[in-house]
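Welcome, and please have your viewer ready. We will go from one selection to the next, with a short note at each stop.

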Amino acid sequence: MNKEKLIIFDTTLRDGEQSPGASMTRDEKVRIARALEVMKVDIIEAGFPIASNGDFEAVKAVAEIVKDCTVCALARAIKGDIERAGEAIKPANSGRIHTFLATSPIHMKEKLRMSADEVVEAAVKSVAMARRYTDNVEFSPEDAGRSEPDFLCRIIEAVIAEGATTINIPDTVGYNIPHQFGALIKDLIERVPNSDQAIFSVHCHNDLGLAVSNSLSAVLHGARQVECTVNGLGERAGNASLEEIVMAVRTRQDVFPCDTTLDATQIMNCSKLVAGITGFNVQPNKAIVGANAFAHESGIHQDGVLKARETYEIMRAEDVGWSSNKLVLGKHSGRNAFKTRMLELNIEFSSEEELNEVFARFKTLADKKHDIFDEDLQALVTESALETENESIKLVALRVCCETGETPNATMILNINGEEQQAEATGDGPVDACFKAIEKLTNTGVNLQLYSVNAITTGTDSQGEVTVRVEKDGRIVNGQGADTDIVIASAKSYINALNKITSRSGRTHPQLESL
Ligand code: KIV
Ligand code: ZN
């Protein structure tokens, strides 16, 4: 039997980015967009172009680079927003404008201060305006989950008549309950006279932990697009998690009348990339992508899995991209073996120069670390992308002294705008001493908001991957660094963040800009 298609609309780069502290630079968005394209999501919502020049440039860059997905830009139901969104998606092979306006009584009265008639008029006008840029227009009645169904029917009918091709029903505040949200979708599809002329979509937030359940209930009641994010990243408690939606639908094909065309083997790759760039680590017991998602600890389970894996496993780890920490390359591997393995990991180099540069990093790592795994190779590329961004500050040398009962001391040499400078500092620990020495040399005055260390693979010889988040004057950026020495990885991540904040390639959190 031919199943209907369930469209996967990924909003990691837009709603995901609205998590405080998860803001991404243009280059980071492009890297994630490439990975989403390889994973074969259908639509990438790349940003909110009116929010800042940085976001406009990011959406435009994604629209220029991505070829196989539709690239979508968000716009309020306002002329300036729609013009900016239209401009940003112009280079796309397939571009969509997503315009939204609140429809719940509380939002209309308290936030918009608009009557119901004014809201319908503005929504219709904005859809008509968006249609001048593309025939692929999505309309969202914001806070639909708390809106009057009769009013939703009225506004949806009007925007479809004006040319909206997707109607997205958001549970903006994560208030809905699965059976009730499913019933709402069914009711809207049945009662809106021209509902057959649009795809119905859902966009659920996770305030009550129900975003995935609500989305799946909606799918069972006729929704054919789900808006979701990698790792469930998003405002407050996050959005529906892409990997959970896709794997629930795929694993329970006996229940769902539709399926996605997503390449699930890319899920882990995207999950790690998003976690690394945003600094939002995945909890170990998170479904599908958590470190323990496929680990069987209890003896009874282990025994069962060894006899027949289906006794306790409903999915295969390799089907969502978990590799078994395969030893892939070593010190003696040549350039060709390296390039071939990178291609197998969907990592392409834009030039011979870039390949040579990452290969040289691989050789340096292989000298320090005996076993090189896929995760190490991915981290090499992250490192190289970070350093080619805008580096006015470079780490030249670092010496740290730690001794029981003594205050840790760091001596740091940085190259700042081409000039080598040295400073010494003490701190509560070796990392604290390092950061203080860096601050002495750079005087950036940033506030450190997050410091997190993760082992890239297993074992004490693993590379440590450090993420820091720093803030200055309302601008927040993340920095990353990886090394077998976690103090050096920490210094690299802090320097990476400072390079971003001083070069202004990071951007203000969308909500901090005066919209
Ligand atoms: O949560 C929400 O309502 C949104 C809309 C812009 C769709 O993110
Ligand atoms: Zn949202």
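For this tour, Ala, Val, Leu, Ile, Met, Phe, Trp, Tyr, Cys and Pro count as nonpolar, Asp, Glu, Lys and Arg as charged, and the others, Gly among them, as polar. By that scheme, the shell around ligand 1 holds two nonpolar, six polar and three charged residues. The model is predicted: local features need pLDDT of at least 70, side-chain atom pairs count only at pLDDT 80 or more, and totals for chains, interfaces and linings use all residues. Residues are numbered from 1 along each chain as its sequence is written, chains are lettered from A and ligands numbered from 1 in the order in which they are written, and side-chain values use heavy atoms, with hydrogens and water left out.

**Ligand 1.** Select the residues around it (a heavy atom within 4 Å); among them are Arg-14, Phe-100, Glu-142 and Asn-168. Next, show His-205, where a polar side-chain atom lies 3.0 Å from an oxygen atom of ligand 1.

**The zinc ion.** Now pick ligand 2: Asp-15 (OD), His-203 (NE2) and His-205 (NE2) coordinate the zinc ion at 2.0 to 2.2 Å. Donors here are N, O and S atoms within 2.8 Å of the metal (3.2 Å for Na, K and Ca); water is not among the atoms, so sites may look incomplete. Asp-15 and His-203 are both buried (under 20% relative accessible area, exposed being over 50% and partly exposed in between; 1.4 Å probe, protein chains only).

**Phe-435.** Finally, select Phe-435, which counts as buried because its relative accessibility is 8%. Its contacts (heavy atoms within 4.5 Å), not counting residues up to four places away in sequence, include Leu-448, Tyr-451 and Tyr-494.

Definitions and conventions. A polar contact is a pair of N or O atoms within 3.5 Å; within protein, one must be able to donate a hydrogen and the other to accept it, and residues adjacent in sequence count only if both atoms are side-chain atoms.
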